[in-house]
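Please keep the sequence and the 3D view open while you go through this note. The points below can be checked one by one.

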Amino acid sequence: MPSNTGSLVPRRTIGIGLVGFGTVGQGVWKHLEAQRADLNARLGIDLDLVRVAVRDARKPRAMSVEAARMTEDPFSVVDDPRVHIVCELMGGTEVAREVTLRALRAGKVVVSANKALIAEHGEEIFRLVREHGGRFFFEASVAGGIPIIKAIREGLVANRFDLICGIINGTTNYILSRMEKEKLPYETILADARRLGYVEADESLDLDGVDAFHKAGILAYLAHGKWVDAEHALVQGIRKVTLEDIGRARDFGYRIKLLAVIRRDFRSGWLTVGVYPALLPLDKLLARVDGAFNGITLVGDVVGAQTFVGRGAGQDATASAVIGDIVDALIALRDGGTKGLSAADLDFLDRLGEGVRMAEMHEIIGKFYLRLTLADRAGVLADVYRVFAEESLSIARVVQYEHEGKGTGTVTLSTYETSELVMERVLAKLRALNTVLEEPLLLRIFTPET
Ligand code: NAP
Ligand code: HSE
């Protein structure tokens, strides 16, 4: 007895090729294999995991794939006529770019987790999407398992966002959280993060804030239609943050997080994108996002503040986002329609980006925290106060730590609101004092809405 009329309709076989079979690729394979029968039934298709490309086919792996499906030639996956959806999960920006462009030129659907590639070559990729009528899905490129791209493009489409801020790098959040809780050395925690599959192949991308900047760039493009390059942004990592700094921030009632901040002033037209370690009040939701979790607050003019929290890195969280995109790609191939960024979406984003300019330093307002290493002499604080007075910048709070007996003393202070420009002038004058013995540590204080 036929179970339903759908079973009489010829089913279409849709082939998937994975380029890259590391942390993310194996996660995608594992969960797709496990869900294949359900997905086939729900979508009325036959899903075929056709081919997998790796750099070294002899490398031992947790997931085994029959030899006939493995190749060391990524382009053979793209060129295989049985492959309709190419999942680029190899990372890097050179071969990955070639793979992506070749697949789009061939009219294939591309699913990507590669934020570095999108941030650096997004304009070129989306131009090809337009020219070839292809489709490009990239949910896994930002915030791991949190569907933040869908949120901006679909659920919150009614909004303009004057602020998007959050923790969008799992590795650095994992390191800072464990430094605070367990007082472990940085290197020990980094080794654990590597083992757990959070860290990029080039780990400086994580540690120096570049990965978070790539993700912030993608969100800024989707929200404001403008690609921002690193020259026009403040990008700092966590390498200068010490265990002592984490403790001192706590003394002020704050927790240090690597934060991405995308601010837009719709009246003046400016946009600013930055990634930096920031002090967040301990009671705020984002300050409580720990481990490899990510948290993003979007402030929309219609909906107000919405915060999304979830796993931001690692095999399963990322596979979840990639498979969400694969399902959208399968539906697009099955039905046509406008899943993914269409040419009309891209035209809209172009128009949105037309009036946007990057903010000037005097327009970016905030509060700051400074750690100063001063000579252990009477009157040194008076010099510091004089610099602040000269720039009419009010100090909100000062803590002077007991001197370390090495001829130096540490002072931390926070400011009231001022501009980046004034703060830069203060910093330059402090550096010039012969009683300031080390490069001051300047951190931004940020109070999220939730
Ligand atoms: P990974 O573990 O280093 O895996 C990379 C895979 O690509 C490996 O299987 C490698 O082959 C293969 N590969 C590299 N170069 C190749 C080449 N020239 N030809 C063929 N295969 C090649 O990296 P991953 O953590 O899975 O990350 C993959 C992508 O997802 C990156 O863009 C990353 O930024 C992004 N991402 C990662 C996470 C995460 O939590 N890990 C989260 C979100 C997004 P071998 O195995 O033979 O070396
Ligand atoms: N290395 C990245 C992170 C992976 O730690 O956030 C997820 O994009």
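1. Start with one pair. Isoleucine 85 has valine 109 of β5 as its bridge partner. Strand β4 (residues 85–88) and strand β5 (residues 109–112) run parallel and are joined by four bridges. Helices (H or I, at least four residues) and strands (E, at least two) are DSSP runs, numbered from the N terminus. Two strands pair if DSSP finds at least two bridges between them.

2. A word on the basis. The model is predicted: local features need pLDDT of at least 70, side-chain atom pairs count only at pLDDT 80 or more, and totals for chains, interfaces and linings use all residues. Residues are numbered from 1 along each chain as its sequence is written, chains are lettered from A and ligands numbered from 1 in the order in which they are written, and side-chain values use heavy atoms, leaving out hydrogens and water.

3. Now the sheet. Six strands form an open sheet in the order β3-β2-β1-β4-β5-β6, with parallel pairing.

4. Look next at β11 and β12. Strand β11 (residues 293–300) runs antiparallel to strand β12 (residues 304–311), and eight bridges join them. A hairpin of three residues links β11 to β12. Within this pair, glycine 295 stands opposite valine 309.

5. Turn to ligand 1. It is surrounded by 24 residues (a heavy atom within 4 Å); the closest are Asp56, Lys59, Arg61, Glu200 and Gly314. By class, ten are nonpolar, eight polar and six charged. Here Ala, Val, Leu, Ile, Met, Phe, Trp, Tyr, Cys and Pro count as nonpolar, Asp, Glu, Lys and Arg as charged, and the others, Gly among them, as polar.

6. Which atoms meet the oxygen atoms of ligand 1? A side-chain N or O atom of glutamate 200 is 2.6 Å from one oxygen atom. A polar backbone atom of glycine 314 is 2.7 Å from an oxygen atom of ligand 1. For phenylalanine 21, a polar backbone atom is 2.8 Å from an oxygen atom of ligand 1. On its own, ligand 1 has 910 Å² of accessible area (Shrake-Rupley method, 1.4 Å probe), and the protein covers 87% of it.

7. Ligand 2 comes next. The residues around ligand 2 include Lys115, Asn169, Tyr198, Glu200 and Asp211. Its shell has two nonpolar, four polar and five charged residues.

8. A backbone N or O atom of glycine 170 lies 2.7 Å from an oxygen atom of ligand 2. A side-chain N or O atom of aspartate 206 is 2.8 Å from a nitrogen atom of ligand 2. A polar side-chain atom of lysine 215 is 2.8 Å from an oxygen atom of ligand 2. Taken alone, ligand 2 exposes 250 Å², and the protein buries 94% of that. Elements α6 (170–182) and α9 (210–224) each give two or more residues to the shell around ligand 2.

Conventions. Polar contact = N/O pair within 3.5 Å; in protein donor to acceptor, adjacent residues only side chain to side chain.
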